[in-house]
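Reader: I have a model open and want to learn how to read it. Where should I start?

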Amino acid sequence: MSTALYYALTCTGAIHITSAAFLLLLFTRLWFLVALYLLWAVYDWNTQKKGGRKFGNDFMRGLPVFRYMRDYYPITLEKTAGLDPKRNYIFGYHPHGYILEGAVVGMVSDACGFRDLFPGITPHMTAHSSILHSFLFREILLSLGFVDVARESLEFALTHLGPGHSVIVVVGGAAEMMNAKEGLYALTLKNRKGFAKLALETGSPLVPMIAFGQNDVMSQLFNTMGSRFWHFNLWLRKMGRKYLGVTLSSIVLIHGRFGILMPYRTPVNIVVGRPIPVSKIAQPSQKEVDALHSRYLRDLRELFDNHKSQYNVPKGTELLYL
């Protein structure tokens, strides 16, 4: 039930609808509660750019609901190398899938034992500012240590929160939802190099990750790669960048068990790769950024190839970079 609710909130726009409904309480006898909350929200508006909320963080990460979700799929976490608790890391999570339950349950929460596997490392999941500004829902995310995916927010988390504080970046972003098809591992990564530049500027090692099965938890309709609907999504995103200055989310029509927003009970197995050492360079050249980006792509492909048979991925399946 908790898993179905999670999908319903994130995939139907219920997060923002709930925020709007909450504001309507201003016209009821409960207006003073809404007013007090709005005052708090204004005061707290930039917390997601300052490392997230610290109060209640351990309690939220340990909530039983995450264990229920872990066991539903199930979700597992595999460690391939240790991490130095004195360093700050940039974790690259792939693929995006639909709502990132693998990253949230496997790494943000304590359900899969992330902080036991990597003692001294505190992971901060990243999200778009529009989500972190949603009334009420933002309180949950911030209490889980979420931070804004904007550059200044990531730099703050990596350089001001202390040793071990690290960020989880879904490099492919919402664009990758277009290719979230069962059995397909197509990553929007070829031209995304900002994370590599940030790693060099902050001296933060990069840690590639693959979530086997992340794309298999739902079925997507009408959006086969190369189809008219797929090209429509490409056009929509292009128009958003050109006229609005933002990258619009892909339109995806999905269903799971029973034909509703109930994900399939299919395993999501997250493999955390070896860290890629990075030397701090205040102003890295494009050549240095390209070199680190290429190394990341090689290591990520090697991680995928070395573990795909272990998690029942067909031998001929390749990791695609778009």
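Reader: Which residues in the largest nonpolar core touch the most other members?

Author: The general idea comes before the case. In soluble globular proteins, nonpolar side chains tend to be buried together. Here the model is predicted. Its largest nonpolar core has 46 residues, and Phe-91, Tyr-93 and Phe-146 touch the most other members. Helices and strands both contribute: α5, β1, β2, α6, β3, α9, β7 and β10 each supply at least two residues. Helix α6 gives the most, with five.

Reader: What does Phe-146 touch?

Author: Leave out residues up to four places away in sequence. Then Phe-146 touches Gly-52, Val-104, Val-108, Met-125, Ala-127, Leu-132 and Leu-141.

Reader: Which residues does the second core include?

Author: That core is separate and has 34 residues, including Ile-90, Ala-157, Leu-187 and Leu-200.

Reader: How do I read a helix such as α13, and which of its residues are buried?

Author: Compare its span with the expected one. Helix α13 covers residues 286-307 and reaches 32 Å from first C-alpha to last, close to the 32 Å expected. Then check burial. Buried residues in α13 include Val-289, Leu-292, Tyr-296, Leu-300 and Phe-304. His-293, Asp-299 and His-307 are buried too.

Reader: How is the protein divided into domains?

Author: Domain 1 is 48-218 + 257-321, and domain 2 is 219-255. Their centres lie 23 Å apart, taken over C-alpha atoms.

Reader: What area is buried between domain 1 and domain 2?

Author: The size of an interface is often given as the accessible area lost when the parts come together. Between these two domains that is about 1,300 Å², with 58% from carbon and sulfur atoms.

How values were computed: Residues numbered from 1 in each chain as written. Predicted model: local features only at pLDDT ≥ 70, side-chain atom pairs only at ≥ 80, totals over all residues. Heavy atoms only, no water. Core = buried A, V, L, I, M, F, W, Y, C linked by side-chain atoms within 4.5 Å. Buried < 20%, exposed > 50% of the residue type's maximum accessible area, 1.4 Å probe, protein only. Helix = DSSP H or I, 4+ residues; strand = E, 2+ residues; numbered from the N terminus. Contact = heavy atoms within 4.5 Å. Expected span 1.5 Å × (residues − 1). Domains from an automatic or database assignment. Buried area = accessible area lost by both parts, 1.4 Å probe.
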